[in-house]
Amino acid sequence: SSNPDPYKTLNVPRDASDADIKKAYRTKATTTHPDRNPELDPLEAQRRFAEVGNAFELLKDPSAREEFDMTGESAEAAAAVAAAAGTR
């Protein structure tokens, strides 16, 4: 899907603390950074790195994280779905 689970992306449990999330993000950002993955297609490397950043942005924001925990998607994804449904 175009909206991966941020907990899976960062490899943290749903009850992870903010500190655990930040630590997991730093580890994943380092390992997925395009400069660290020259064997990958540059666009794929950039996509993976961006996915990690997006997961961290969502989980570090308490209201966005709560929204995801309740609905299974980010507020942006929910808004995009609602907008698409409204245009039909």
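Is E44 buried, exposed or partly exposed? E44 counts as partly exposed, because its relative accessibility is 24%; buried here means under 20% relative accessible area, exposed means over 50%, and partly exposed lies in between, with a 1.4 Å probe and protein chains only.

Before we go on, a word on the model: it is predicted, so local features need pLDDT of at least 70 and side-chain atom pairs count only at pLDDT 80 or more, while totals for chains, interfaces and linings use all residues. Residues are numbered from 1 along each chain as its sequence is written, and side-chain values use heavy atoms, with hydrogens and water left out.

E44 and R47 both belong to helix 3 (residues 42-60), where they sit 3 residues apart, about one turn of the helix. Helices are DSSP runs (H or I, at least four residues), as strands are (E, at least two), and they are numbered from the N terminus. A salt bridge is a side-chain nitrogen of Lys or Arg within 4 Å of a carboxyl oxygen of Asp or Glu, and by this rule the count comes to 7 salt bridges. Here are three of them, with the N to O distance for each.

| Salt bridge | N to O distance |
|---|---|
| E44 and R47 | 2.8 Å |
| E44 and R48 | 2.9 Å |
| E57 and K60 | 3.5 Å |

E44 and R48 are separated by about one helical turn, because they are 4 residues apart in helix 3.

E57 is partly exposed at 45%, and K60 counts as partly exposed at 44% relative accessibility. Salt bridges with shared partners also join E44, R47, R48 and E51 into one network.

**Aromatic pairs**

Now for the rings. A pair of aromatic rings is described by the distance of the centres and the angle of the planes. Rings of Phe, Tyr and Trp (its six-membered ring) pair if their centres lie within 6.5 Å; planes under 30 degrees apart count as stacked, over 60 as edge-to-face and the rest as tilted. The structure holds 2 aromatic pairs. One of them is Y7 with F68, a tilted pair with 6.0 Å from centre to centre and 50° between the planes. Y7 lies in helix 1 (residues 6-10) and F68 in helix 4 (residues 62-71), so this pair ties together parts that are 61 residues apart in sequence. Y7 is buried at 3% relative accessibility, and F68 is buried at 3%.

Y25 and F56 have ring centres 4.2 Å apart and planes at 10°, so their pair is stacked. This pair links distant parts of the chain, with Y25 in helix 2 (residues 18-32) and F56 in helix 3, 31 residues apart. Y25 is partly exposed at 23%, whereas F56 is buried at 10%.

**A look at R65**

What does R65 touch, not counting residues up to four places away in sequence? R65 touches Y7, R14, D15, A16, D18, I21, L58 and L59, where contact means heavy atoms within 4.5 Å. R65 lies in helix 4 and counts as buried, because its relative accessibility is 11%. A polar atom of the R65 side chain is 2.9 Å from the backbone oxygen of A16.

Notes:
A polar contact is a pair of N or O atoms within 3.5 Å; within protein, one must be able to donate a hydrogen and the other to accept it, and residues adjacent in sequence count only if both atoms are side-chain atoms.
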